[in-house]
Amino acid sequence: MGNRMIKYLLRRLAVGFITLLGIVVLVFFSSRLTGSPIEAMYPDGLEPGQLELFNAKYGFDKSYADQFVIYLKNLLHGDFGESIRERRDVRAILTARSLETLRLGVWAFALSVTCGISLGVCIALNRESFAVSIANNVMALLFSIPNFIIAIFLMLLFSFKLKILPSQGGGSALHYIMPVACFSLGPTISIAWYVKNGILETISQNYIRTAVAKGLGKARTIIGYAFRNALIPVITQVGMVIVDIVTGSLVIETVFSWPGVGYTLVNAVLDRDFPVVQGIILFLAGIVIALNFLLEILCMMVDPRINREAAA
Amino acid sequence: MKKFGRICSNRVIDRVIVSMAILAALLTVFPQTVSAAERSGDPSAELRIGVQTLPDTLDANASVSNAGIQVYYNIYDTLITRDSSSKTLAFKPGLALEWKQTGEFTWEIKLRPNVKFHDGSTMTAEDVAYSLNRVIAEEDPAYVTAHSYLLANFREFEVVAPLTLAAHTFKNEPLFEHLLSDPNAGVTSKNYVKKVGIDKAALAPITTAPYKVAVFEPGQKVELERFDDYWGAPAPFAKVSFTLIPEIASRITAIMTGEMDMITNIPPDQDKVFEGNDKITLIGTVFPMYHIYCFVTSNPVTDNAKLRRALDLAIDRQAITDSLWEGKAEPAVAYQFKNYGDTLYFPDKEDIEYNLEEAKKLLAESDYNGESVQIYNVSNYYTYADLAAQAVIDMWKKIGVKGELVEVDSYTAIDRKKAGIRTWSNPLYYNDPMGVIERHWSPKGEAANQKEFLPTEEYVRQFEIARYSPNSQERVKALRWMLDYFRSETPFIYLYKPYESLAVRRGIDYQIPFNLRAHTLGLRSGEIKASGR
């Protein structure tokens, strides 16, 4: 990796950092536009003088600018603050809840990648069969349905009607089935499409025709030659699966009451628990920015052409 | 399959599968798939409750809420307890063995000896005095609520001896037992709170109750365990869990699938889901609470008592409860609760009526000029409040009053310059008229502070007598005066007492406890029993 490449990556890193700072500013001030977290804690109203006491305790009696400076100072020391609702460190909440999301996310990621790639190759191999044309339509239909609709449908069928799967929480192996299925459905389909399209694009190339002419056979040519070259867009898409899981966690975890980051964020927004909202959004944004950065490096390593373009 | 095998043999896919499977297996530590009760065969091993709301804090002094009372009653002991099996109000010794008034403003309290905290230490008068004095001193802003409605008349709890306390009050206290038997006046360990701080102790309190807190994940679950060194009868369950399931459909599914043994907050329109299901029992109850309309009497539209009275008379409460609540809620007939007992409930003051003629007459005598009476409602807070408001607005059309429903997302979004009315609830905190009046219609209360309720000087005088007089006849006289005042001034409209059910699986014997606050779940000895599955 040359000097120009290192410079390019450092520039990308700086852009990522500025983006993160922008998010901190945006989330800090926009969350405060929603109203007081103390009033959200007491929907029936507060006693005379109680709001002022709470504001003094949590520093909400200071100006927004002062609050922001204090927040930024603490953030630079790795202190995300303390949850107003849960009365504990936001870092402890993040650690516990992100592990819960990871439990689901790893299964969803594994399922999406393995099923997506397998399905994509299968479709490419049998693209002219009747079964594949039906499968393509079914996939298009499933892809267009929002995952919370699918989640509710699965819950009604497997929990309410058939009574074979638990409907909420994360107590056992059975609890994983429906949320993982919902998480991985969309990414599986999109990976399958990318793999299929990549392979179909590659097999029209001259070197593939040469390989087939040599008598290697259709399947062996596709898996041995076409698949490798179709990988680059798939790598990007696989990275996007993680982003899908991160963003999808807000909906899926809420529907299944799964105690992960998404569920916590939704509740924190409803409760106006500013430190938790700020902490989780910063954490999620950090993941997405870091992921994009890593994907860029990965793509450069896999395809030297991208490397050259970036350096230029 | 052959093709699929070849595809899967691709090294890239192989690596992905293997590494993901290892990571997933490492991350996923599968807990038990069945409940402790099912594993052990002992039905009292575990009780799993799916609840609509969970408290954010387990410090009972810090939260006067319906969400909190479900849990606090079971994890806090109070000095005095209410007999939850008696249909009439009866008090029993709790952490206090005896209590007596020794002076006009002084009470002596003798504590029960050898009471253990969950950490093994022994409870003394220091712990009791600390628990209650910190509320009086408002050491945390959250204590202001409990101070205001339970301990406002208490000056100090003084330690006299290791097991003796003196309670000093500002004025005479005729409601001593009522106030000190509320779980929000629960007792905690002084040494523990001093060691970890108020905020940390609120997550894992150390008390003397029959259940101790094992796990608390705010916004998710509370897990309790039986405390084996409890001074009284042991808790009926070895383990109790409260799991937050906000959606009613999910709660119902959870009990149907056997994931939960009990679920709470089932509105009447869901009762039919359980029809014909012999594995689940519905236990319905009309809560000691009224859904009400609080007038903003400082608003120029609703500042006229005749208009307010006319609006009250024009509401057909029976029609609302029949249509919205399937006849299960109880229309208000008086500004009172029968829970007060015979001496303080006045049947001759059952004077809430539906009378269109009288309403029209009063309206004509008022200064109403066709303005819109705006009803402010916090969306999705009180069950069916929006639908009830629409029905009420329709009823008001019959007397020529224009109503308008304004939905807001929080209590603070209520604009009192525009709002003529806001939706509210008036729960009964203890079985005395002051159990509802002091919290909601005190001259220093929140409604008065917001200039919604503008009490007259005479009201303030009568309130003082009704609240503090040692003479029961004087109290009765003052209370009757206040009911007449509420009638003539109509600072609020009582609509109905809401109805709700909870569901329990077959094999659990449970009934709604008596003398306790609405939404209390009685899980102590004698209140619930698991006889099988």
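Predicted model: local features only at pLDDT ≥ 70, side-chain atom pairs only at ≥ 80, totals over all residues.
**Exercise 1. Find which ring Arg480(B) lies over, then look for another charge over a ring in chain B.**

Arg480(B) lies over the face of Phe346(B), and the distance to the ring centre is 5.1 Å. Now move to Arg422(B): its charged end sits over the ring of Trp424(B), 4.2 Å from the centre. To count as sitting over a ring, CZ of Arg has to be within 6 Å of the ring centre. Both 5.1 Å and 4.2 Å pass that distance test. While you're looking at rings, note that the structure holds 35 aromatic pairs over all chains.

**Exercise 2. Describe the secondary structure and the extent of chain A.**

Go through the elements of chain A: you'll get 14 helices and 0 strands. For the extent, take the principal axes: the C-alpha atoms of chain A fill a box of roughly 85 × 60 × 25 Å.

**Exercise 3. Work out how much area is buried between chain A and chain B, and which residues take part.**

Begin with the residues in contact: chain A brings 54 residues and chain B brings 62 residues. Next comes the area. About 5,000 Å² is buried between the two chains, with carbon and sulfur atoms giving 60% of that. On the chain A side, Asp44(A), Glu47(A) and Arg87(A) lose the most area to chain B, together 14% of what that side buries.

**Exercise 4. Find the salt bridges across the interface, then the helices behind the chain A side.**

First, count: there are 8 salt bridges between chain A and chain B. Take Glu217(B) and Arg88(A) as a worked case: their closest N and O atoms are 2.9 Å apart, which means the pair meets the 4 Å limit. Polar contacts come to 10 residue pairs.

Now the helices. Those giving two or more residues to this side of chain A include H3 (50-58), H7 (147-161) and H8 (173-202). H5(A) gives the most, with 15 residues.

Finally, sort that side by residue type: 28 are nonpolar, 13 polar and 13 charged.

Notes. Residues numbered from 1 in each chain as written. Chains lettered and ligands numbered in written order. Heavy atoms only, no water. Phe/Tyr/Trp six-rings, centres within 6.5 Å; stacked < 30°, edge-to-face > 60°. Lys NZ or Arg CZ within 6 Å of the ring centre and 35° of its normal. Contact = heavy atoms within 4.5 Å. Buried area = accessible area lost by both parts, 1.4 Å probe. Salt bridge = Lys/Arg side-chain N within 4 Å of Asp/Glu carboxyl O. Polar contact = N/O pair within 3.5 Å; in protein donor to acceptor, adjacent residues only side chain to side chain. Helix = DSSP H or I, 4+ residues; strand = E, 2+ residues; numbered from the N terminus. Nonpolar A, V, L, I, M, F, W, Y, C, P; charged D, E, K, R; others polar.
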